[in-house]
Amino acid sequence: MSTSYNKGTAAVWAGEGNVNTKGAATTPIVNSVAFSYTDLDEWYDVSKGNKEGYIYSRNTNPTVAALEEKIRVLEDAEAATSFATGMAAISNSLFTFLTAGKKVVSIKDLYGGSSKLFLDFLPKYNIDVELCDTTDYDALEAAIAKGCDVLYLETPTNPTLKIVDIERLSKAAKAVGAVVMVDNTFATPINQNPLQLGADLVLHSATKFLNGHSDAMGGLLAGKKELVQKVFQFREINGASLQADPAYMIARGMKTLELRIERQNASALKIAQYLKAHNKVSDVFYPGLETHKGHDIAKKQMRGFGGMMSFSLKDGWSAVKKFLPSLKLAHLAASLGSVSTLAGPPRTTSHVELTEEQRAHLGIPEGLIRYSVGIENVNDLLNDIEAGLKNI
Ligand SMILES: *Cc1c(COP(=O)(O)O)cnc(C)c1O
């Protein structure tokens, strides 16, 4: 720009608009709230949605759009959109299709936040919620057949890694015209593509494996164009939009998604097999083990069994209190899906809101440990676990 402007003016305008994104080897972070036009007719056309372009970043933003395109392609979907967090993706999707008098069928083993939405919030809006025992197909199919508007699934589930047959339940839901949503956070599109199994919408907490580095939050949704568009229209008005900075972090993380997931799949299987054979461990929940109840369905619908597992110690909570703090290669923290291993007891993390009886009903023993395998060398992780078990 011309140097004839005053400093105050130059500070605002100099350099702006000079970012030539063409040829940039990575997507630039476009932290602009609004996008300017010199042609008023073009501005109007873009605003009306009749021409491609950007108006305001609560609606769409070039960096965020680049991330949406990544998940759209990875989930093999017609369209995709994004949210500030995974819970925003879930609540926006549910509230788009559920209004007073409508019904949602889901499972009992859900992510804690989703479970709270179903139990505490949706009923306040006179939405009928029916949560079935997770692998009770007779109960699920009967609930669906009575008529429902949304079937909401999560597989593998948190924290006991139960597996739900997406294809079978999608068929039942289609017969009554319900929208099928699947939370694919644990599997990621590397291991599982729910849309190819009959789901209409696939949701992600991008905070977990997609970002993969525990340093940005986001939510993503992909699926049928007409349905994604409806959720997008609700999100742009309620305002739970993803910003350019975390979108860049997530997109950057996703560039190594396949490398990370392949490593985590392989390490998790080795660790699960080791734990299964250990005399201080009572149960190991990992869908890659042949003894896992959902192993056959997992083999049918997943390409890999993921980096998440849980296991219980024979001596219960007192053993957990000795074991967990002695781990040197695990953050004892609530999240999952990072490059570093994370571990924690569901009684403190995902299921802290429930009573001991409610946890027992879901098959979550007090001595259960959820273990999110990182990308460290698996031999070091095995040695770390072995030392921890010796400490009990
Ligand atoms: C973490 C998580 C969520 C919620 O995502 P946030 O980004 O924390 O809002 C939803 N579903 C599953 C399975 C999760 O693990």
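Residues are numbered from 1 along each chain as its sequence is written, and side-chain values use heavy atoms, with hydrogens and water left out. In this predicted model local features need pLDDT of at least 70 and side-chain atom pairs count only at pLDDT 80 or more, while totals for chains, interfaces and linings use all residues.

Q: Which residue of β12 is the bridge partner of M308?
A: Strand β9 covers residues 308-313 and strand β12 residues 368-372, and the two pair in the antiparallel sense over five bridges. Within β12, the bridge partner of M308 is S372.

Q: Within what arc do the buried residues of α15 fall, seen down the axis of the helix?
A: Buried means under 20% relative accessible area, exposed over 50%, and partly exposed in between (1.4 Å probe, protein chains only). In α15 (residues 378-390), the buried residues are V378, L381, L382, D384, I385, G388 and L389. An α-helix has 3.6 residues a turn, so residues three or four places apart point the same way. The buried residues of α15 line one face of the helix, because their arc, taken from the directions from the helix axis to the C-beta atoms, is within 160°.

Q: Which elements do the buried residues of α15 pack against?
A: Helix α15 has 13 residues and reaches 18 Å from its first C-alpha to its last. The buried residues of this helix include L381 and I385. Their packing partners are α11 (257-276), β8, β9, α13 and β12.

Q: Which residue caps the N-terminal end of α15?
A: A polar contact is a pair of N or O atoms within 3.5 Å; within protein, one must be able to donate a hydrogen and the other to accept it, and residues adjacent in sequence count only if both atoms are side-chain atoms. The backbone nitrogen of N379 lies 2.8 Å from a side-chain oxygen of the capping residue, N377.

Q: Is D165 buried or exposed?
A: D165 is placed in the loop between β4 (150-154) and α7 (166-175). A polar atom of its side chain lies 3.3 Å from the backbone nitrogen of E167. Not counting residues up to four places away in sequence, D165 touches Y137, I297, K300 and Q301. With a relative accessible area of 7%, D165 is buried.

Q: How many of the five residues of strand β6 are buried?
A: In a regular strand the side chains alternate between the two faces of the sheet. Both faces of β6 are covered, with L201, L203 and S205 on one side and V202 and H204 on the other. Strand β6 (residues 201-205) is largely enclosed by the rest of the structure, because the number of its residues that are buried is five of the five.

Q: In what sense do β6 and strand β7 pair?
A: On β5 (residues 179-183), β6 pairs in the parallel sense over three bridges, and V182 stands opposite V202. Towards β7 (residues 219-223), β6 forms five bridges, and L201 stands opposite G223. The pairing of β6 and β7 is antiparallel.

Q: What is the omega of the peptide bond from N158 to P159?
A: P159 lies in the loop between β4 and α7, where P156 is also found. The bond from T155 to P156 is cis, with omega near -5°. The bond from N158 to P159 is cis, with omega near 0°.

Conventions. Pairing = 2+ DSSP bridges. Helix = DSSP H or I, 4+ residues; strand = E, 2+ residues; numbered from the N terminus. Expected span 1.5 Å × (residues − 1). Contact = heavy atoms within 4.5 Å.
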